[in-house]
Amino acid sequence: MSNFDSHTLGEGDLTEFGYKQELNRGLSTTDLLIYGLVFMVPIAPWAIYGTVYNEAKGMVPLVYLIGLVAMIFTALSYAQMSRAFPIAGSVYAYVGRGMHPKLGFIAGWTILLDYLLVPTLLYVFAAESMSGIFPAVPKWAWILVFLAMNTAINYVGISFTAIVNRLFLTAEVLFIVIFAVMAIVAIAHGTGGAHVTTKPIFDSANFSAPLVGTALSIAVLSFLGFDGIATLAEESKGGHRSAGKAMIGGLFLVAFFFISQTWLAGMLIPNTTSFPEAEAGNAFFDIVGKISNNGWQIAFLAMNALAVGIANAVAAQSATSRLLFSMSRDGQLPRFLAHVNTRSKVPERAILLVAGITLVLGLFFVGQIGLITSLVNFGALTSFLLLHLSVMTYYGVRRKSRNVVLHWVGPVIGFLIIGFVLWNAEPAAKIGGLAWLVIGIGVLAYYSRKGIGILPEHRADAADTADAAEAADTSQVATAGFRTAADRKG
């Protein structure tokens, strides 16, 4: 293992890319892993179990298994690029530095649609859950409460956010264990006809090829979040492989939680073929009520709302603000968003902007979960396509890598899978996503015409980069280190 792969990240690493260390390096690889798990929400299947059950003919665990296989190729591509470019921009930086700056902007702009809408989706989900417990409280009020709390948590600093993540992950895992114990006891006693069966994983009588396509579309959204780990690269104190390890590890762990919970739930309702549409949204919680009591059912509803409305939304807001910070630091978005609070070491203006946008979108999209979900998928999937291309371009073409599996085969398979899902996306998602893309091209044209914010071609050697970085001011320093040390050391 080379020194580049194993040494601890520090301020010097950013100067190699033309930046200076402004954010707080306080996150370990474990913190990144926990952040990714919280972002993906280990209890995510609860809220959508009935809907997925109907779409997958009861084979919900199979949906998540297919999703794991599909997304692991994208996670591997992220891991490769995060190793080469351990900076906060995530796919925006990877595509921009691995292929071309303008394509990097497009990648950042498309995933920005995902990152801006994910917090909105989470607040709407949480408001729906809380309205089931407190029907007298309007949904918009819950959005305001959760948004205020999460903005405050993110504003305090990344170390405090990490503590909140640990607490919520512990609570979620505790509830998963409680459900597992209740389910195993119910299966052992045959409660309601429950028994051990593999049908939830694979039912030959109902399996079909189109079901795989449906499963992919559902599962991709469920696993979104592992990519957010890459946005915290400049706050990690691990090595260059730290983010990649956390992404791949988090993907496998959350898949284990998804599959185990839904398999147990499927064994509790062996004779159910589908849920009525009106009952699908609360199907999992109804199952909990049948094997326990009303008190536990309410407790699970509350845990779901808090996990989504606070923990998951905090993680989403963190990722979004770091992406805005990275793009504005490069002059690809208004530079005021690159401001970092000197005390808390967080991009405070980006955090506040995300909060403001989320508030407007959340109040507008209350009750329109389907539309938000489709738009979120478009933004993430489009950026993932460019990510896979950047791996092949940077490693396979520019660096002439001999690792055919990681730098050619994996990205090609990942590209084809993501392309298939995107091609079969809802028409509303395609229309909305393309409209967003057109706006992004307009923004790119504006900044290109102004002659600012577009990264130059990479400098030939580190000396050029160091000289340029020393001579530039903070707003221009980002352009100096384009494709330098990572090209030689990665």
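Val-41 sits in the loop that joins α3 (29-40) to α4 (45-55); helices here are DSSP runs of H or I with at least four residues, strands are E runs of at least two, and both are numbered from the N terminus. This is a predicted model, in which local features need pLDDT of at least 70, side-chain atom pairs count only at pLDDT 80 or more, and totals for chains, interfaces and linings use all residues. Residues are numbered from 1 along each chain as its sequence is written, and side-chain values use heavy atoms, with hydrogens and water left out.

Most residues other than glycine have a negative phi. Val-41, however, has a positive phi near 65°. Val-41 has a relative accessible area of 4% and is therefore buried (buried means under 20% relative accessible area, exposed over 50%, and partly exposed in between, with a 1.4 Å probe and protein chains only). Lys-57 also has a positive phi, near 55°, and belongs to the loop between α4 and α5 (60-84). Lys-57 counts as partly exposed, at 47% relative accessibility.

## Salt bridges

Side chains of opposite charge can pair when their charged atoms come close. The model holds four salt bridges, each defined as a side-chain nitrogen of Lys or Arg within 4 Å of a carboxyl oxygen of Asp or Glu. One of them joins Arg-166 and Asp-31, with an N to O distance of 2.7 Å. Arg-166 is in helix α9 (residues 158-189) and Asp-31 in helix α3, so this bridge ties together parts 135 residues apart in sequence. Arg-166 is partly exposed at 38% relative accessible area, while Asp-31 is buried at 11%. Thr-30 and Arg-166 are 136 residues apart in sequence, and their C-alpha atoms are 10.0 Å apart in space.

Another bridge pairs Arg-329 with Glu-234, whose closest N and O atoms are 2.7 Å apart. Arg-329 lies in helix α14 (residues 294-329) and Glu-234 in the loop between α10 (209-223) and α11 (242-268), so parts that are 95 residues apart in sequence are tied together. Arg-329 is buried at 5% relative accessible area, and Glu-234 is buried at 1%. Lys-139 and Glu-128 also form a salt bridge, at 3.1 Å from N to O. That pair connects helix α8 (residues 139-156), which holds Lys-139, with helix α7 (residues 101-133), which holds Glu-128, and the two residues are eleven apart. Lys-139 is partly exposed at 29%, as is Glu-128 at 26%.

## Cavities and a pocket

Rolling a probe the size of a water molecule over the atoms shows where empty space is left. The search uses a 1 Å grid over the protein atoms alone: a cavity is a set of points where a 1.4 Å probe fits but cannot get out, a pocket is an open set with protein on both sides within 12 Å along at least five of seven lines, and lining residues have an atom within 4 Å of a point. Grid points are joined across faces, edges and corners, and a volume is the space filled by probe spheres set on the points.

The salt-bridge partners Arg-166 and Asp-31 return here: the lining of the largest cavity includes Asp-31, Arg-166, Leu-27, Ile-34, Tyr-35 and Ser-318. Helix α9 gives the most to this lining, with five residues, and α3 and α9 each supply at least two. By class, the lining has six nonpolar, three polar and two charged residues (Ala, Val, Leu, Ile, Met, Phe, Trp, Tyr, Cys and Pro count as nonpolar, Asp, Glu, Lys and Arg as charged, and the others, Gly among them, as polar).

The second largest pocket holds about 300 Å³ of space. Of its 16 lining residues, Tyr-53, Lys-199, Asp-203, Pro-270 and Thr-272 are the closest to its centre. The lining of this pocket is made of five nonpolar, eight polar and three charged residues.

## A nonpolar surface patch

Val-397, Val-404, Trp-408, Val-409, Val-412, Ile-413 and Leu-416 make a nonpolar surface patch of about 560 Å². Patches are made of residues with over 30% relative accessible area and no salt bridge, joining like charges within 9 Å and nonpolar side chains (Val, Leu, Ile, Met, Phe, Trp, Tyr) within 5 Å. Accessible areas come from the Shrake-Rupley method with a 1.4 Å probe, and for residues only the protein chains shown count as cover.

Helix α17 (residues 404-423) gives the most to the patch, with six residues. Val-409 is in helix α17 and counts as partly exposed, at 37% relative accessibility.
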